[in-house]
Amino acid sequence: MKEIILNNKKNGMAMLLLCIVLYLAGIGVTVLGTIMRSDIIIAIGILWLCIGWVPFLGLRILKPQEALVLTLFGKYVGTLKDAGFYYVNPFCGAVNPAAKTKLNQSGDVDNGGKNVLAALGNANAAAAMAAESAGKKISMKVMTLSNSRQKINDCLGNPIEIGIAVTWRVVDTAKAVFDVDNYKEYLSLQCDSALRNIVRLYPYDVAPNVDTTGDGVADEGSLRGSSEVVAQRIRDEIQSKVADAGLEIIEARITYLAYAPEIAAVMLQRQQASAIIDARKMIVDGAVGMVEMALNRLNESELVELDEERKAAMVSNLLVVLCANHDAQPIVNSGSLY
């Protein structure tokens, strides 16, 4: 479906004045017929008073960043996009299948109260139809969809919970209205699908021998460490799915990322153990360097000569002191070294 923009309909004020004048003229004709006691003139005046409100249905008001998709007896006639006061065919109807759809997002057009004036008679029918069309407006603003958290298995099979926020907008109203059943629900479902497709390619944290780019070479990509890259791939995946629906995905961001509750405690212990091992490795490397430096300084200064057995004892004692979790309790030897 190709979008048709109607730019030559901004004559709402002139048509409003004309409709008011014609309606007042109908009242005048009715009064004149009563004075002249002419049944024909009275009938014409009453007939116009009964149907004279119909032209008011063609009045349309658009605010900035709003659009109205119009159909005439089921045929698409065009879209009003620019802000202004329009007059269109009174029998044109506005179409927006997602008007009543409320997602967890910003920017939904509020159509509440559109039936308040529905039953107030012919005099208020135009107002009721205007309220109806107001509820059918399509917002062209940039909106943010906050998708609910999902439980997904990463590439290692670990269940994780992840949530994303997608910034989007409608760029083609005809495709959004006619090419999909409900563009808001369609977007939400495609976000879920794209999120699963991308997340399953990455581990939660950096893991060995994992290829996340598809080039056959292991890399250090992960959901926790490569959030910008993952978000961009999610955005591209969603865009490829919703382009046919006339939607543009501006940005996608990860808003929540954690292990699933059933394995969170175990993974926390694993991370703690890994941190302890890394810390111990650093302590041992530093202790070995300090022992080596101490032995070299003693040999250079020739303060004392140690045989291999005494060097081994000294190395053992220094490593115990440097690698211990608690402060060492020194024992002073007041006797002979040997």
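Student: What makes M13, L17, I20, L24, I27, V31, L32, I35 and M36 a nonpolar patch on the surface?

Tutor: Together these residues have about 860 Å² of accessible area, a value from the Shrake-Rupley method with a 1.4 Å probe, where for residues only the protein chains shown count as cover. Patch residues have over 30% relative accessible area and no salt bridge; nonpolar side chains (Val, Leu, Ile, Met, Phe, Trp, Tyr) are joined within 5 Å, and like charges within 9 Å. A salt bridge is a side-chain nitrogen of Lys or Arg within 4 Å of a carboxyl oxygen of Asp or Glu. M36 is in helix α1. The model is predicted: local features need pLDDT of at least 70, side-chain atom pairs count only at pLDDT 80 or more, and totals for chains, interfaces and linings use all residues. Residues are numbered from 1 along each chain as its sequence is written, and side-chain values use heavy atoms, with hydrogens and water left out.

Student: T30 is in helix α1 too. Why is T30 called buried?

Tutor: Buried means under 20% relative accessible area, exposed over 50%, and partly exposed in between (1.4 Å probe, protein chains only). T30 has 15%, so it is buried. Helix α1 covers residues 12–36; helices (H or I, at least four residues) and strands (E, at least two) are DSSP runs, numbered from the N terminus.

Student: What does the side chain of T30 reach at 3.4 Å?

Tutor: The backbone oxygen of G45. A polar contact is a pair of N or O atoms within 3.5 Å; within protein, one must be able to donate a hydrogen and the other to accept it, and residues adjacent in sequence count only if both atoms are side-chain atoms.

Student: Why is Y87 called buried?

Tutor: Its relative accessibility is 14%, so Y87 counts as buried. Y87 is in strand β4 (residues 84–87). A polar atom of its side chain lies 3.1 Å from the backbone oxygen of P55.

Student: Which residues does Y87 touch, not counting those up to four places away in sequence?

Tutor: K9, N11, G12, M15, P55, G58 and L59. Contact means heavy atoms within 4.5 Å. Y87 and K9 are 78 residues apart along the chain, yet their C-alpha atoms are separated by 5.7 Å.

Student: And D179, why is it partly exposed?

Tutor: D179 has 38% relative accessibility, so it counts as partly exposed. D179 lies in the loop between α4 (173–178) and α5 (183–199). Leaving aside neighbours within four places in sequence, D179 is in contact with M1, A174 and D244.
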